[in-house]
Amino acid sequence: MSEQAPSTADFLARISLLEAAVSARDLTIAERDEQLRRERAEAALRIQRLQLQIDRFNRKAFGRSSEKLGQMLLELEDLETDFAASVPDIELPIVADTDKVRVLPVRKLNPNLPRKRVVREPSCACCPGCGGDLRAMGEDSDEMLDLVAQAWQVIETIRPKYSCRTCDKIIQAPAPAKAIARGKLSYAALAHIMMAKWGYHLPFYRQAQMMAAKGVDIERSTLARSAGYAAALLDPIYNRIREIGRTRTKIHTDDTRLPILAPGKTHKGALWVYVADDRNSGSQEPPIAWYRATMGRAGESVMTELAGFAGTLQADGFTGYNQLYTGGAIREAACLAHLRRKIFDVHDSQPTELSTTAMAGIQAIYRIEEEIRGLPPAERLAARRTRTRPLVRALRRQLMRQGDGLSRHPDIAKAFAYGTRRWRAFNRFLYDGQLEPDNLIAERAIRGFTVGRRNWLFSGSFAAAERSAVVLSIIETCKLCGVDAEAYMADVTERIQNDWPASRWDELMPWNWVRREEMQLSLAA
């Protein structure tokens, strides 16, 4: 039987099935192409983010940043040393904008340094040409910095004994007070050891090696115990600094990691710094800095330390600070430098018109801040209202407008979101002339500790971490007040050991401190 020809309906049905299959195939291809495009876009985004992270790590490890120029400085020192060795005794010129060559001016040395005057007279008392008499007509002077080598010496205290011929009573001068009973280190030596350890970040074993090279045989353990005893004498000064600092109306704070050893493990401790320094707004109050060591990095640590404080806290965006602002007694002031860094990390690797405009706006704000630094709060506030506020508002409009159109994933969007979320805190310095636009005051105070951490890596115990906080507070406050920290610690520890009255602690504060020799001269006058 012959096969029946398909009807028209069957033919149309087959056509419909074929068209559906073709459409389904086209849809599948389109969906596959769309998926491939999404995968390529996500891969490109991941590559971009990884490249940004690599650039950021390389910049931190090898490159230049606005706060850290160590690598370039080392390279510059080597180049200058090589040049001086190859071309000695050359007078280097500098070229001004007018292309005129001028010789560098002679730099005067510090007039407060001790001076030794050396007069070089001619070898003959008369004129070597005609034999005539010589008369004075002036003199030429030249200064040269010299180093008197540090020398360790032994102070031997002799106390003669006398007896009374009548009652045979023995008379002898009392023994001088020592920082350490039966100790062999003077107050000056103890201050030098503490300054080397916590001020210049030299571990005790390195100090022992340096002292051995000078003929002083002393054990590392002796240095460690002696420094601990001396640091304990500074506790009253440290506690008074903390007490005074919490009465200020503005405090800067920052923290850094502090590994603390414990039996069987290492705690992820933290070192917090608190700085009260309003000299940028013309304040006459002395600057104060103190440190606190904690076993962890929790906001409760800051709440405990700042209990009773009322004013403005300038800090970074750490979430642990948020609970401080809930009561209303403490106002939040953010750090514009953090926002700048987040934008710069992206701008340095992949500059765009968006990041370039944002960086230019922030730099313009900082140029104004440089001009008004040191002025009273009212004058700073007036300048910010007329000059800085338009720049800040333009920056905010840019962050809001451009940030809404960006993906949530790129780093530039994250940087902009960081600024918009905390804009009220960023904006606060426009309404208070005492405030700063950033938290660099606290960051500078914590930076020295981070450098020293590379030498000793961790604290051996929590007590050692607390002891470091005490001495660091004394040294940093002395630096802010322009006081020689080593001389201060040598003098103050001796006075405290000699029963200095507690009612006169304020006289020993770094900003009030007067050397014993200067005090004796003033009393004699």
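# Briefing on a predicted model

Histidine 201 has a relative accessible area of 14% and is therefore buried (buried is under 20% relative accessible area, exposed is over 50% and partly exposed lies in between, with a 1.4 Å probe and protein chains only). This is a predicted model, in which local features need pLDDT of at least 70, side-chain atom pairs count only at pLDDT 80 or more, and totals for chains, interfaces and linings use all residues. Residues are numbered from 1 along each chain as its sequence is written, and side-chain values use heavy atoms, with hydrogens and water left out.

**Confidence**

- The protein averages a pLDDT of 80, and 78% of the residues score at least 70 (pLDDT is the predictor's confidence in each residue, from 0 to 100).
- Confidence is highest in helix α6 (residues 235–245), at 95, and lowest in strand β1 (residues 93–95), at a mean of 43. Helices (H or I, at least four residues) and strands (E, at least two) are DSSP runs, numbered from the N terminus.
- Over residues 64–72 pLDDT stays under 50, and the model has 10 contacts there beyond four places in sequence (a contact means heavy atoms within 4.5 Å).
- Residues 87–104 also stay under 50 in pLDDT, with 12 contacts beyond four places in sequence.
- Where pLDDT is low, the predicted coordinates should not be read in detail.

- Helix α3 (residues 187–199) has 13 residues and should span 18 Å at 1.5 Å a residue; its end C-alpha atoms are 17 Å apart, which agrees. The expected span is 1.5 Å times one less than the number of residues.
- Of the 13 residues of α3, 11 are buried, and the helix is mostly covered. Among the buried ones are Tyr187, Leu190, Ile193, Lys197 and Trp198.
- The cover over the buried residues of α3 includes α4 (204–213), α5 (220–233), α14 (462–481) and α15 (485–497).
- Histidine 201 lies in the loop between α3 and α4. Its phi is positive, about 65°, although histidine 201 is not a glycine.
- Arginine 182 lies in the loop between β4 (170–172) and α3. Its phi is near 60°, again positive in a residue other than glycine. Arginine 182 has a relative accessible area of 79%, so it is exposed.

**Strands β6 and β7**

- Strand β7 (residues 288–294) has 6 of its 7 residues buried, so it is largely enclosed by the rest of the structure.
- Strand β6 (residues 265–276) pairs with β7 in the antiparallel sense over 7 bridges. Two strands pair if DSSP finds at least two bridges between them.
- Valine 273 stands opposite tyrosine 291 in β7.

**Aromatic rings and charges**

- There are 7 aromatic pairs. Rings of Phe, Tyr and Trp (its six-membered ring) pair if their centres lie within 6.5 Å; planes under 30 degrees apart count as stacked, over 60 as edge-to-face and the rest as tilted.
- Tryptophan 198 and phenylalanine 204 have ring centres 6.3 Å apart and planes at 85°, so they are edge-to-face.
- Tryptophan 272 and tyrosine 321 are also edge-to-face, because their planes are at 75°, with ring centres 6.4 Å apart. Tryptophan 272 is in β6 and tyrosine 321 in the loop between β8 (311–314) and β9 (330–333), so the pair ties together parts 49 residues apart in sequence.
- Trp272, Phe318 and Tyr321 form one aromatic cluster.
- The charged end of lysine 197 sits over the ring of phenylalanine 204, 5.0 Å from its centre. A charge sits over a ring if NZ of Lys or CZ of Arg is within 6 Å of the ring centre and within 35 degrees of the ring normal.
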